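Subject: Handover of a structure

Dear colleague,

Please find below the structure that I am passing on to you. My notes on what was found in it follow directly after.

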Amino acid sequence: MVERHLISISTLVSLNDSFKSSTPNGSFFSTLETWEKLSDIADLIKPQAANREQFLSECKSRKLDGVVVICDRAPASMATTGPFDEELIQALPKTLKFICHNGAGYDSIDVAACTARGILVSNCPAVVDDATADTAIFLILAALRGFNNGILAIRNGTWKSKVPPDPLGHDPQGKTLGILGMGGVGCNLKRKADVFGMKTIYHNRTRLDDEHAAGAEYVTFDELLARSDVLSLNLPLNAQTRNIISTAEFSKMKTGVVIVNTARGGVLDENALVKALEEGKVWSAGLDVYQQEPNIHPGLVSNPHVCLLPHMGTSTVEVRQRRFCERQN
Ligand SMILES: O=CC(=O)O
């Protein structure tokens, strides 16, 4: 029997509008229906706050008292509330028991502070694997082939002759793909990279069993840096991984390496990347995530060898539906 005492809130301030605008063909209805199905078991409440200050005062005004679950959509909710840090967690309704984070990476949530308040946190890892790995493949191809240069040449009107813009790009076939962080996304990416004829090596804290490695070679961190033609970052952001790729690491890489980041901006030192690009150590990069989103280092924006996406690796209708239906942890 359905119990109605459960109240769920979403930190999505305008769920309907953002879903409508992100799905031009009307398929938002199915996503919205998936969300609304939750009303079978909960009263769905949308906070009115448009920013962190307003959200904190909404909590303090006790308008949200009685709320048991927060369903927070990453990365949109971050843009409204900022990180779920100690200050915000202390302000949340006393009745709150669960934060259901609709993203894979939960670096925006202070889990220790939640635990201290008796709040359980869940995330959605596996549902984003395909979409994130697809984005990584797009960025690998774009960065290897220099497609951003070509796109810019058309948009800037500099493609005047039949000759494609310089420099010539590289084929993925026969290149070594190094995956730092071979979890769900990394394993998925490995299978997709096989189709493009890439050889995969990886580094994790723990070596995978043969079934999960699926033929990828386990190497040390330094070997990964030294042997990769393309280095893809697929690891979570935490205190150990912040700026894990910086000046010292670039110096251990091959000259002409390609860097792809679909994980979190914080794992890659952007100043060091800009310098490595300028010095020619890094040939090109493909990025979906940044240290200070939505701000991007000007040295990346101005560099035609860098293909940039606005953190849209998991932005598909299918991922959003699955996030509401298949919670993993
Ligand atoms: O960035 C998206 C996610 O963590 O799912």
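A backbone N or O atom of Gly 105 lies 2.9 Å from an oxygen atom of the ligand, which makes a polar contact (a pair of N or O atoms within 3.5 Å; within protein, one must be able to donate a hydrogen and the other to accept it, and residues adjacent in sequence count only if both atoms are side-chain atoms). A polar backbone atom of Ala 104 is 2.7 Å from an oxygen atom of the ligand, and a polar side-chain atom of Arg 264 is also found at 2.7 Å from a ligand oxygen. Taken alone, the ligand exposes 190 Å², and the protein buries 93% of that; accessible areas come from the Shrake-Rupley method with a 1.4 Å probe, and for residues only the protein chains shown count as cover.

Please note that this is a predicted model, in which local features need pLDDT of at least 70 and side-chain atom pairs count only at pLDDT 80 or more, while totals for chains, interfaces and linings use all residues. Residues are numbered from 1 along each chain as its sequence is written, and side-chain values use heavy atoms, with hydrogens and water left out.

The residues around the ligand (one heavy atom within 4 Å of it) are Gly 103, Ala 104, Gly 105, Val 128, Arg 264, His 311, Thr 314 and Arg 323. This shell divides into two nonpolar, four polar and two charged residues; here Ala, Val, Leu, Ile, Met, Phe, Trp, Tyr, Cys and Pro count as nonpolar, Asp, Glu, Lys and Arg as charged, and the others, Gly among them, as polar.

Turning to the protein as a whole, there are 15 helices and 12 strands. Both are DSSP runs numbered from the N terminus, helices being H or I with at least four residues and strands E with at least two. Of the 329 residues, 49% count as buried (under 20% relative accessible area, with exposed over 50% and partly exposed in between; 1.4 Å probe, protein chains only). The accessible surface comes to about 16,300 Å², of which 55% belongs to carbon and sulfur atoms.

Asn 261 is in strand β10 (residues 257-261) and is buried, with a relative accessible area of 0%. The side chain of Asn 261 reaches the backbone oxygen of Arg 264 at 3.1 Å. Not counting residues up to four places away in sequence, Asn 261 touches residues including Leu 233, Val 267 and Asp 288, where contact means heavy atoms within 4.5 Å.

Gly 181 is in the loop between β6 (176-180) and α9 (184-195), and at 11% relative accessibility it counts as buried. Its C-alpha atom is separated by 7.2 Å from that of Tyr 202, 21 residues apart along the chain. The buried residues of α9, among them Val 185, Cys 187 and Leu 189, pack against α7 (129-145), β6, β7 (199-203), α10 (210-213) and β9 (230-233). Just after α9, Gly 197 takes a positive phi of about 75°.

How many disulfides does a search of the whole structure find? The search finds zero, a disulfide being a pair of cysteine sulfur atoms within 2.5 Å. The sulfur of Cys 59 is 13 Å from the closest cysteine sulfur, in Cys 114, and is therefore too far for a bond. Cys 114 is in no disulfide either, as the nearest cysteine sulfur, that of Cys 100, is 11 Å away.

Yours sincerely
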